[in-house]
Amino acid sequence: MPDLLLLPHHDGSPAYVDNEAPRLGDTVTVRMRSHTDDPIDDVWLRTTYDAEPVYLATRRSADGPTAWWEADLLVHNPVTHYRFLIVRADGQEWLGGNGLADIDLPDAADFKLTSYAPAPDWSRDGVIYQIFPDRYARSAAADERPTPPWALAAQWTDTVVFEGSDPRTPAQFFGGDLDGITEHLDHVERVGADIVYTTPVFPGESNHRYNATTFDEVDPLLGGDAAYQRLSQAVHARGWRILGDLTTNHTGDTHEWFRTAQADPESVTRTFYYFNHDGSYANWMGHGTLPKVNHGDPDLRSAMVEGPDSIVGRWLRPPYDVDGWRIDVANMTGRLGALDVAHEVARAVRRTAESLREDPLVIGEHNHDASGDVDGDGWHGTMNYSGFSWPVWSWLRSEDTTARAFGRPVQVPRRGGPAVVETFRAWQGALGWQATTSSWNILGSHDSARIRTMVGSAEVHRVAAGLQFTMPGVPMLFAGDELGLEGVIGEDSRRPMPWSSEDDWDTATLDTYAALARVRRSRAALRRGGQRWAYVDDDTIAFVREHYDGSVLVVARRAAGPCFELPLILGEHLLGTERGAPVTNGPGVISASDGPRLDIWSLG
């Protein structure tokens, strides 16, 4: 295996790009590094101006064993693509966003500089805590609220009904509310999170509330508008942020817009939906309870996403002061057959948010390839299932897991480290550095199996958490992950938080999450640094996160493994997911491990 740290490298971090947020027309210095022992004769920077290739000569300098090749790149287009052509006596190769290649490849994985503003600092530097309100916590006031007609009341310790074909699954009602969340913010702080993201709070005839009946109020079952104000105020009083969850692709079939449209073909809201001549209508994935909205209609866009009085705008303003949105089903929003206005909708959501708040965040849900939707003028990033979750799941899943795959008809494949690293590289190249680092690193959510069920052990779970906090991207944990909660599928993962049985919590994992959050917050390299792969075998993945303020080495093992040596000088051992710091037998010698663990060192 070649020494990975000696290979040519570039990414979009400050060590390689002198302006991460250029404006159109700016000139940015971009740099490629190589080792001085690498017999490179020349390096050219290839970009495309107005889709025409242009080659720029680079300037070489040396810093010890490192050679730097740099060029000045004009940001001529809103998204400017580039790659490096490396010339040696024995051949040529390209360096692009997905790594080195000795063949000519399409431009899709080129490095990208975008002239659109990046995600806000609070998002890129934060830790997100996802809460499913019905299952998080009940305040005393919840006991006084009647069970709605659509619901089946459940006790907090009841078993969750989770089979999708069972009509009780969406109707099982545990009664968690917003004041319950507010009362447990100390726990969120203990975990180390500082961004509270709740799934929808609008009324809907289900426990998940993605089938909204209105967007004009907070569900009274959650405590209503006043409880949402209290939660927002409590979150902001801690210096944190709060995110809402909005479905821009569909409403519920009991939504006031839809009921009016269905009852009166001449109504204003009729064109908000896709009705056929026979009265049938387009919906989400064959679910008649979720009629799809028509973003080709200007009145619908005005009501939902455009301007301060739209649904997007209203909840970002006082007294609610939501700091941004996670957009549900963003991949399908504005798309139906020949119609595709998805990017127009994304831009409208972003434009509305930026007109009302100084530094809002808009994240699009995507559970596959979001590369065409995150150039930077719409969604800041995505829930990165494809670029983070799937490769981590495939590396760490247990052989006998009962976890069901999210979004596929077959189980997650188990793969070795080299294949997983290639997957990470491919997606970083496809999404681009800015979108990758703004997107959410997810081990599980309300839609997927729990990470503990996927990997089968606490030790491997903690390795997964370590990757979540140390890989490029923003860690988002689903409430309960930190306690070791389980679930074989999304609906099963929505088990109530076990507040009354704290003795059963996996406190070692909880403490690991808290420690990871502290280290990430204290090290710019883990939040803003570049990434170079350092070592990989089937059971070990090691990488360096580089930053001018100090770099770190991360070594993740899914199983016991031998020692190996890297051309690095290790500094302080910052964190280990298992007890005891590994012994180092030399400046860059990583000792053998007797089981799964993840370790972080500062670098000299």
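I count Ala, Val, Leu, Ile, Met, Phe, Trp, Tyr, Cys and Pro as nonpolar, Asp, Glu, Lys and Arg as charged, and the others, Gly among them, as polar. The model is predicted, so I note that local features need pLDDT of at least 70 and side-chain atom pairs pLDDT 80 or more, while totals for chains, interfaces and linings use all residues. Residues are numbered from 1 along each chain as its sequence is written, and side-chain values use heavy atoms, with hydrogens and water left out.

**Entry 1**

The lining has 40 residues, and His208, Trp284, His287, Leu290 and Glu491 are the closest to the centre. By class, I find 15 nonpolar, 16 polar and nine charged residues in the lining of the largest pocket.

The second largest pocket holds about 620 Å³ of space. Of its 24 lining residues, Arg33, Thr66, Arg532, Glu546 and Leu568 are the closest to its centre. I recorded twelve nonpolar, seven polar and five charged residues in the lining of the second largest pocket.

**Entry 2: aromatic pairs**

I found 29 aromatic pairs in the structure. Rings of Phe, Tyr and Trp (its six-membered ring) pair if their centres lie within 6.5 Å; planes under 30 degrees apart count as stacked, over 60 as edge-to-face and the rest as tilted. The planes of Phe84 and Phe111 stand at 65°, with ring centres 6.2 Å apart, so I list this pair as edge-to-face. Both Phe84 and Phe111 are buried (under 20% relative accessible area; exposed is over 50%, partly exposed in between; 1.4 Å probe, protein chains only).

Phe202 and Trp315 are also an edge-to-face pair, 5.5 Å centre to centre with 65° between the planes. I note that Phe202 and Trp315 are buried. One aromatic cluster takes in Phe202, Phe215, Tyr228, Trp257, Phe272, Trp315 and Tyr320.

**Entry 3: charges over rings**

I looked for charges over rings (NZ of Lys or CZ of Arg within 6 Å of the ring centre and within 35 degrees of the ring normal). Arg46 lies over the face of Trp94, 5.9 Å from the ring centre. The charged end of Arg238 sits over the ring of Trp240, at 5.2 Å from its centre.

Conventions:
On a 1 Å grid over the protein atoms alone, a cavity is a set of points where a 1.4 Å probe fits but cannot get out, and a pocket is an open set with protein on both sides within 12 Å along at least five of seven lines; lining residues have an atom within 4 Å of a point. Grid points are joined across faces, edges and corners, and a volume is the space filled by probe spheres set on the points.
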